[in-house]
Amino acid sequence: MRCLVFPSPADVIQAVADRIADRLQAQPDLSLGLATGRTMVPLYAELLGRSLNWQHCRIFALDEYWGLATDHPSSFAAELRQRFCQPAGLRPEQVQFLNGAALDPAQESQRYRRCLEQAGGLDLQLLGLGENGHLAFNEPGSARESRVRLVQLSDRTRQQNAGAFGGDPEAVPSAALSLGLADILEARELLWLVTGASKTKILAQALQPPPTTAIPASYLQEHPATTLYADHAAAAALTVDQS
Ligand SMILES: O=P(O)(O)OC[C@H]1O[C@](O)(CO)[C@@H](O)[C@@H]1O
């Protein structure tokens, strides 16, 4: 894994946006996996501020709350649509969301998996880090072999994400659809954004070999083309060169 450490979250965003821009220019029909969460918010604003041609790319969402339709204001689909897909001028057929209001989670997971396969897999996937080590919504205990599926959310994750639900953890859905660890690790390149002091301890644990199901993000150690983009605060417990 390549580990890049920057003075501030703003520097992280610039570096990640540079990498996405380079990849998109080299491959206009890029299959790009988008993540949500506070870490990603300034990235979408930065990407929109650059003159990039998104007309040929394909977009895939990483996860979605179970029980929320794609037009529910607190759904990840609505967030991605509002923060990026609509202002970037993406056509609906370019974008795939997980449907959190599908009748059958297993069927919806299979449908999404087929979409990914038909697109030839993901070229580039953005990832954040949960404070409990989750990756997408793969909570501690998730298997390395896991695929798109319905997952139960931990109390810690519901607390972490309560901001989008009026600050009430009880209002956060207790389950979600998520790409599995095997799906994520099949993406050809992973950009892992980790910023802020709340991630310092878990980031150091996630980078400690060997990978463990107790910290799903630790499986990124196995991926041949992952770049960690961390700020000084998140990287404070790492021993990498922070110059
Ligand atoms: O960037 P945040 O808000 O700390 O969230 C971390 C991660 O957890 C999630 O909420 C779950 O996928 C992601 O959206 C995010 O990447």
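**Pockets and the ligand in a predicted model**

Sorted by class, the residues lining the second largest pocket come out as five nonpolar, one polar and two charged. Rolling a probe the size of a water molecule over the atoms shows where empty space is left. In the second largest pocket, that space comes to about 180 Å³. Its lining is made up of Arg81, Cys85, Gln86, Leu90, Arg91, Pro92, Val95 and Phe97.

Next up is the largest pocket, which holds about 620 Å³ of space. A total of 31 residues line the largest pocket, and Thr36, Gly37, Arg38, Phe76 and Asn161 are the ones closest to its centre. Two elements, β4 (63–65) and α3 (76–85), each give two or more residues to this lining. The largest share comes from α3, with five residues. As for classes, the lining of the largest pocket has 13 polar, 12 nonpolar and six charged residues.

What takes up the space of the largest pocket? That space is taken by the ligand. Around the ligand sit 13 residues, and the closest of them are Arg38, Thr39, Asp63, His134 and Lys199. Arg38 has already come up, as one of the residues closest to the centre of the largest pocket. Split by class, the shell around the ligand counts seven polar, three nonpolar and three charged residues.

In Asp63, a polar side-chain atom lies 2.5 Å from an oxygen atom of the ligand. The side chain of Lys199 has an N or O atom 2.8 Å from a ligand oxygen atom. On its own, the ligand has 390 Å² of accessible area, and the protein covers 97% of that.

Where in the chain does Ala136 have its place? It is in the loop between β6 (124–127) and β7 (149–152).

One more backbone detail turns up in another loop. The peptide bond that runs from Pro209 to Pro210 is cis, and its omega is near -5°. Pro210 is found in the loop between α7 (200–206) and β10 (226–231).

Terms used
Residues are numbered from 1 along each chain as its sequence is written. This is a predicted model: local features need pLDDT of at least 70, side-chain atom pairs count only at pLDDT 80 or more; totals for chains, interfaces and linings use all residues. Side-chain values use heavy atoms; hydrogens and water are left out. A residue is near a molecule or strand if one of its heavy atoms lies within 4 Å of it. A polar contact is a pair of N or O atoms within 3.5 Å; within protein, one must be able to donate a hydrogen and the other to accept it, and residues adjacent in sequence count only if both atoms are side-chain atoms. Accessible areas come from the Shrake-Rupley method with a 1.4 Å probe; for residues, only the protein chains shown count as cover. On a 1 Å grid over the protein atoms alone, a cavity is a set of points where a 1.4 Å probe fits but cannot get out, and a pocket is an open set with protein on both sides within 12 Å along at least five of seven lines; lining residues have an atom within 4 Å of a point. A molecule sits in a cavity or pocket if more than half of its atoms lie within 2 Å of its grid points. Ala, Val, Leu, Ile, Met, Phe, Trp, Tyr, Cys and Pro count as nonpolar, Asp, Glu, Lys and Arg as charged, and the others, Gly among them, as polar. Grid points are joined across faces, edges and corners, and a volume is the space filled by probe spheres set on the points. Helices (H or I, at least four residues) and strands (E, at least two) are DSSP runs, numbered from the N terminus.
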